[in-house]
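Open the model in your viewer and keep the selection tool ready.

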Amino acid sequence: MRVLRSALLEKYSGLIHGFVHDPGGPDLSKISSVHGLEGILTVNQIHGNSVFFADCAAEEELAEADSIVTRRRGVGVGIVTADCVPVLLCFPDSGCVCAVHAGWRGTFLRVVKSCLAAVCEKYSLRAQDAVAAIGPAIGRCCYEVRDDVASQFVSRFGRGDWIFEKGDGKFLLDLVEFNRMELCDAGVSEIETMDMCTCCRDLPSYRRDGSGTDKMISFVGISP
Ligand SMILES: [Zn+2]
């Protein structure tokens with residue numbers, strides 16, 4: 001099991017987190033017990049921008065959402081990815097943690113801003129009190145998209161340091177940078193990007209290995 005950690009989140013002793021590649025897994029009960037958590041809650045990810053608040057006891061069925069939030073101590077929230085961008089968003093002083101899944105569709109739907117806004121409203125928190133770690137995801141080195149995707153982004157957001165034209169109707173899209181900018185723009189106080197490309201750094205990658213690829217789990221919880 002390979003576990004990567006954010007130096008930023010490690011500064012907060014009350015947070016437990018990891019970006020995990022558990023080959024053949026992820027085995028959530030093993031990963032949670034290794035980290036001293038009761039469990040890791042997940043959602044049925046649908047490439048949207050809705051938020052699931054996991055504040056009550058376990059539900060029978062997985063909720064459909066792309067952000068999962070909790071304030072329960074000792075329970076982690078996680079999302080699974082293989083190239084998509086995992087974002088762990090934490091309010092260390094208020095004991096609230098979120099895991100967000102941002103592929104290109106979620107990024108286009110501004111999933112991290114949706115999560116931040118929903119959490120701030122529900123719990124009366126401020127974005128300035130949040131810190132975020134953006135985990136391993138496909139980098140702009142490898143994330144080539146065609147004009148159909150690129151043109152949707154450009155027509156909605158204009159151009160920026162997150163899209164690069166290669167010619168022949170091909171573009172490189174930097175989803176990590178886009179999501180970093182969104183968090184920064186929303187006022188999140190500190191943001192760390194891991195800068196590890198899943199496709200060229202031997203982590204689970206749909207682009208490289210297709211649908212049979214392993215998946216990473218990125219999780220965060222508040223220590224019991
Ligand atoms: Zn790469």
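Begin with a term: a donor is an N, O or S atom within 2.8 Å of the metal (3.2 Å for Na, K and Ca), and water is not among the atoms, so sites may look incomplete. The model is predicted: local features need pLDDT of at least 70, side-chain atom pairs count only at pLDDT 80 or more, and totals for chains, interfaces and linings use all residues. Residues are numbered from 1 along each chain as its sequence is written, and side-chain values use heavy atoms, with hydrogens and water left out.

**Stop 1: the zinc ion**

Select the zinc ion. Which residues are its protein donors? They are C141 (SG), C142 (SG), C197 (SG) and C200 (SG), at 2.2 to 2.3 Å from the ion. Along the sequence, these donor residues follow the spacing C-C-x54-C-x2-C.

Now pick out C142 and C200. C142 sits in the loop between β9 and β10 (144-146), and C200 in the loop between β13 and α7 (206-209), so this pair ties together parts 58 residues apart in sequence. Helices (H or I, at least four residues) and strands (E, at least two) are DSSP runs, numbered from the N terminus.

Check the angles next. The four donor atoms subtend 100 to 117 degrees around the zinc ion, which makes the arrangement tetrahedral. The ideal angle for four tetrahedral donors is 109.5 degrees.

C142 is partly exposed at 21%. C200 is partly exposed too, at 48%.

**Stop 2: the sheet**

Show the strands. Six of them form an open sheet, ordered β4-β5-β8-β7-β9-β13, with mixed pairing. Strands pair if DSSP finds at least two bridges between them. At the edges are β4 (51-53) and β13 (190-193), each pairing on one side only.

Zoom in on β7 (residues 85-91) and β9 (residues 131-134). They run antiparallel, joined by four bridges. C90 stands opposite V131 in β9.

Contact here means heavy atoms within 4.5 Å.

**Stop 3: T70**

Finish in strand β5, where T70 is found. T70 is buried, with a relative accessible area of 0%. Its side chain reaches the backbone oxygen of A54 at 2.8 Å. Leaving out residues up to four places away in sequence, T70 touches several residues, including D55, V97 and I222.

Conventions
Four donors count as tetrahedral if all angles lie between 85 and 135 degrees; four count as square planar and six as octahedral if opposite donors are over 155 degrees apart and all others between 65 and 115; anything else is irregular. Buried means under 20% relative accessible area, exposed over 50%, partly exposed in between (1.4 Å probe, protein chains only). A polar contact is a pair of N or O atoms within 3.5 Å; within protein, one must be able to donate a hydrogen and the other to accept it, and residues adjacent in sequence count only if both atoms are side-chain atoms.
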